[in-house]
Amino acid sequence: MAKTHVTMKVNGAEVEGLVEPRMLLVHFIRENLQMTGTHIGCETTHCGACTVDIDGMSVKSCTMFAVQAEGSDITTIEGIANADGTLSALQEGFRMMHGLQCGFCTPGMIVRAHRLLQENPSPSEQEIRMGISGNICRCTGYQNIVKAIQYAAAKINGVEFKEAAE
Amino acid sequence: MIPGSFSYHRPATVADAVKLLADLGDEARPLAGGHSLVPMMKLRLATPAHLVDLHGVAGLKGIKRDGNKVTIGAMTTQHELLASDEIAKSLPILHETALLIADPQVRYRGTIGGNVANGDPGNDMPALMMALGATYQLHGPNGAREVAAGEFYQGAYFTALEPGEILTLVTVPVPAAGHGYAYEKLKRKVGDYATAAAAVVVTMAGGKVAACSIGLTNLHETPLLAADAAKAVIGTSLDAASLKKAAQAAEAIMSPAADARGPVEYRKHVGGVMVTRALQRAAQRAK
């Protein structure tokens with residue numbers, strides 16, 4: 001099958017590659033670009049581990065072809081840290097609130113939460129839970145993931161983070 | 001999971017898309033949001049030799065109020081429906097339903113056109129479109145035509161779309177001001193298809209039902225319009241006896257498949273419960 005030349009912006013850098021049309025975007029990111037932070041979990045559009053941000057949308061990159069991303073602007077987990085290399089508010093939140101155990105779902109969770117906070121900077125707990133309902137975690141029971149996102153929202157909004165009483 | 005090989009086409013106009021599909025024949029499939037087709041391709045349950053991606057086609061997106069109708073371009077995503085003030089104002093039942101479709105990531109990609117054109121009995125929008133009296137605009141090699149949602153669905157994945165035709169526009173008449181609405185969907189988890197779901201649009205006058213329509217999702221190989229169930233509540237105040245009659249009339253036309261969501265009798269029973277709840281909630285909202 002003839003290959004197609006694709007160009008796109010990933011984490012601020014122009015990248016290109018030759019791909020078969022059937023190559024999934026997640027494979028292009030992991031194999032061609034060697035960015036393995038984006039994970040492949042279920043491969044069936046359920047788990048959200050492969051979530052990347054494309055032109056302002058959270059997308060499961062196992063359910064889109066690399067050729068469809070031609071000309072788009074993509075952010076993966078590798079592009080989430082602050083420009084100076086320090087942890088972003090979300091990354092810090094996941095660290096401080098123990099928002100992960102095995103860590104497999106974390107890249108997808110953080111990239112999804114990044115877009116959620118762009119669209120809704122002060123989400124309620126319910127809005128956070130619905131906002132990450134396309135991302136599955138099998139370790140934490142979500143409690144600390146929700147807290148991590150609340151921590152990040154508070155930090156971004158410049159207010160003190162108070163943990164809800166349990 | 002890697003799909004079979006295919007050639008990728010990205011036409012810029014509806015005419016080009018239609019011509020490609022006509023020229024390439026049975027081996028070609030149009031690609032909208034891709035969140036039904038791409039998973040099927042990964043499982044090799046679909047192996048099209050050509051994909052005609054509609055993302056590059058101009059003019060297939062957008063929500064417009066046109067008199068007493070709202071038109072929605074086929075490539076408008078569920079996320080865009082949720083973000084639309086016009087939808088929230090004129091067709092709030094679409095907003096309520098879109099929120100129950102899949103999950104946030106899928107809603108950024110999944111389109112209204114794909115949802116209604118695919119013919120999957122589990123998709124939520126078709127029953128809604130039947131209850132609202134929507135029409136679909138189809139473009140094919142012989143030009144454009146309009147088909148009512150109520151006449152579009154012929155079987156599971158089998159619709160009025162002819163080979164080479166694509167669905168380009170959904171037109172929905174705006175329900176009367178002060179109408180009540182509800183979409184009740186029973187599902188096992190976020191992202192699941194309905195075990196049973198019911199869409200209700202109702203207008204009330206003096207505490208009684210003046211007009212009513214009811215659509216059913218995933219309770220037959222096609223979406224259903226439950227006309228007898230709607231008739232059973234007209235002129236009533238939705239008292240217990242009338243609600244029971246409506247649920248029974250709805251259950252009488254259901255023939256769901258027995259699957260992981262439950263046996264036939266269970267799915268019919270909860271189908272009746274969804275009709276009852278949707279009627280009650282819609283009536284509460286009506287002014």
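Domain bounds are taken from an automatic or database domain assignment. The model shown is predicted: local features need pLDDT of at least 70, side-chain atom pairs count only at pLDDT 80 or more, and totals for chains, interfaces and linings use all residues. Residues are numbered from 1 along each chain as its sequence is written, and chains are lettered from A in the order in which they are written.

**View 1. Domains of chain A.** Chain A is assigned domain 1 (4–79) and domain 2 (89–156). Their centres, taken over C-alpha atoms, are separated by 21 Å. Domain 1 of chain A gives 16 residues to the contact and domain 2 of chain A gives 12 (contact: C-beta atoms, placed from the backbone, within 7 Å).

**View 2. Open sheet of chain B.** Three strands are ordered 1-3-2 with parallel pairing (strands are DSSP runs of E, at least two residues, and helices runs of H or I, at least four, numbered from the N terminus; strands pair if DSSP finds at least two bridges between them). Strand 1 and strand 2 (28–31) of chain B are at the edges with a single partner strand each, so one side of each has no neighbour in the sheet. Strand 2 and strand 3 (residues 50–53) of chain B are joined by 4 bridges; B:Leu31 has B:Asp53 as its bridge partner.

**View 3. Side of chain B that touches chain A.** Here 23 residues of chain B contact 22 residues of chain A. Helix 6 of chain B supplies the largest share of the chain B side, 5 residues.

Terms used. Two residues are in contact if their C-beta atoms, placed from the backbone, lie within 7 Å.
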